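Good morning, everyone. Today I'll walk you through one structure, starting with pairs of side chains and ending with a ligand. Please have a look at it first.

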Amino acid sequence: MKKKLVSVVLAAVMGMALLAGCGGGSAAPAEQPAEEKTEEAAEPAETAAEETAEAAGGELADKKVGVCIYQFADNFMTLFRGELERYLIEQGFAKENITIVDGANDQATQSGQIDNFISQGVDVLIINLVNSSSASTVTDKVVAANIPLVYINREPDEAEQQRWTDNNWNVCYVGCDARQSGTFQGEIIADLGLDAIDFNGNGKIDYIMIEGDPENIDAAYRTEYSVKALTDAGFEVNCLDDQVGMWDQVKGNELVNNSLSQYGNDVEVVFCNNDAMALGALQAIQSQGRTVGKDIYLVGVDALTEVVQYVISGEITGTVFNNHFAQADSAADAAINYLNGTGNEHNIQCDYTKVTAENAQEILDSLQ
Ligand code: GAL
């Protein structure tokens, strides 16, 4: 089941990336596809993936991959790295040649790990930066060492991505456009209609916003676009509180507890930039005697299994599937493309999926 989903998703992702720079991320569009690359791009993803693995042949088993994760204690990145390792092995890498390290949310630690990977002579690096602003320094040293580089999850800014294009470096970013996830969150609420949401009868949607770590542009985009979807749909909105919960369940719980104590029944909607914080929010909502779907609504992003189960039971209004299968597999494919010399576009995007009670079971099945 999972394998099937991965193939389908991968086909969609590669198709999107190649057709349109996929979903219009904030980065500059990718450039100069060489002629053979364009031809290959037109092939179905599965065939292309099979061929790239074949082209690299048994050699992949000897290639060393260094993977830097910004923090292991992050639910979503745990799913991401699990899939990344599984898929790299499936493509022919040897488990002992894949080294995945924990940046422990500290850029100095991560920079040291990158230096170690460079001195060990890894063949390719996959990096989830701790601080997005460190991208240019990291890129410079990795490029100087002549190691291809795939950034994941925390998107370097436009100017940085422009350098990759201008210098024709083997550097790319793989991720999803977080504006889409924010829009989906807002639409899940908008689709309920004002009558169902406006418990205090002031004609507005009164909400609180729990934001992720500003080091990931996902936080700003989800915050902005969830509310924009409401105003675009013609609703008046009222922000009661906007706090930074750092993607963390415990912080999400504390912040929502505080907001609910302060604003009480006026809080009609709780937007969380991710599911971990939504789980914390749910505990706060329940401990204050409120009931999702009855006197308050709650949405997250990621589609963690537990959250999708709560969407099915009605305890969470909805979430947005942040496709770690597609992102991890595309990142691994990009690494393989560098190793076998085919190269990549500099910005490879994938799509989010809205999750409500209607499709939650289907999404849950695909996560198993
Ligand atoms: C986001 C994800 C969050 C967190 C963050 C880390 O895309 O939704 O849950 O993992 O990445 O940068």
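Predicted model: local features only at pLDDT ≥ 70, side-chain atom pairs only at ≥ 80, totals over all residues.

Let's begin with a definition. Helices, marked H or I, are DSSP runs of at least four residues, numbered from the N terminus.

Now take helix H7, which covers residues 158-167. Arg163 and Glu160 are both in helix H7, three residues apart, so about one helical turn separates them. These two form a salt bridge. The closest N and O atoms are 2.9 Å apart.

Is Glu160 buried or exposed? Glu160 is buried, with a relative accessible area of 4%. The cut-off for buried is under 20%. Arg163 is partly exposed, at 23% relative accessible area. So this salt bridge pairs a partly exposed residue, Arg163, with a buried one, Glu160.

Glu160 has another partner. Its side chain also makes a polar contact with the side chain of Trp164, at 2.8 Å.

Let's step back for a moment. Side chains of opposite charge can pair when their charged atoms come close. How many salt bridges does a search of the whole structure find? The search finds twelve.

Here is another one. Lys141 forms a salt bridge with Asp115. The closest N and O atoms are 2.8 Å apart. Where do the two partners sit? Lys141 lies in helix H6, residues 135-144, and Asp115 lies in helix H5, residues 107-120. The two residues are 26 apart in sequence, so the pair ties together separate parts of the chain. Lys141 is partly exposed, with a relative accessible area of 26%. Asp115 is partly exposed as well, with 36%.

Next pair. The side chains of Arg290 and Asp295 meet in a salt bridge, 3.4 Å from N to O. Arg290 counts as buried, at 7% relative accessibility. Asp295 counts as partly exposed, at 21%.

Salt bridges can also share partners. Glu83, Arg86 and Glu90 are joined into one network that way.

Now to the ligand. Where does the ligand sit? The ligand sits in the largest cavity. Which residues surround the ligand? Among them are Tyr70, Phe76, Arg154, Asn216, Asp218, Arg222 and Trp247. The list also includes Asn274 and Asn322. Asp74, Asn153 and Asp302 belong to it too, and I want to pick out those three.

Start with Asp74. A polar side-chain atom of Asp74 is 2.8 Å from an oxygen atom of the ligand. For Asn153, an N or O atom in the side chain is 2.6 Å from a ligand oxygen. Asp302 also has a polar side-chain atom 2.6 Å from an oxygen atom of the ligand.

How much of the ligand is covered? Taken alone, the ligand exposes 310 Å². The protein buries 99% of that.

Stay with Asp302. Asp302 lies in the loop between strand E9, residues 297-299, and helix H13, residues 305-313. At 5% relative accessibility, Asp302 counts as buried. Now look at the backbone. Phi of Asp302 is near 130°, a positive value in a residue other than glycine.

Ala303 is in the loop between E9 and H13. Its phi is positive too, near 65°, and Ala303 is not a glycine. Ala303 also counts as buried, at 2% relative accessibility.

How far apart in space are Thr78 and His324? Their C-alpha atoms are 9.6 Å apart, while 246 residues separate them in sequence. Thr78 is in helix H4, residues 75-90. At 34% relative accessibility, Thr78 counts as partly exposed.

Then there is Pro148. Pro148 sits in the loop between H6 and strand E4, residues 149-152. At 9% relative accessibility, Pro148 counts as buried. Which distance separates the C-alpha atoms of Pro148 and Val171? They are 6.0 Å apart, with the two residues 23 apart along the chain.

To recap: the search found twelve salt bridges, and one of them links Arg163 and Glu160. Asp302 brings a polar side-chain atom to 2.6 Å from a ligand oxygen, and its phi is positive. Thank you.

Methods
Residues numbered from 1 in each chain as written. Heavy atoms only, no water. Salt bridge = Lys/Arg side-chain N within 4 Å of Asp/Glu carboxyl O. Buried < 20%, exposed > 50% of the residue type's maximum accessible area, 1.4 Å probe, protein only. Near = heavy atom within 4 Å. Polar contact = N/O pair within 3.5 Å; in protein donor to acceptor, adjacent residues only side chain to side chain. Areas by Shrake-Rupley, 256 points an atom, 1.4 Å probe, with all protein chains shown as cover. 1 Å grid on protein atoms, 1.4 Å probe; cavity = no way out; pocket = protein on both sides within 12 Å on 5 of 7 lines; lining within 4 Å. Sits in = over half its atoms within 2 Å of the grid points.
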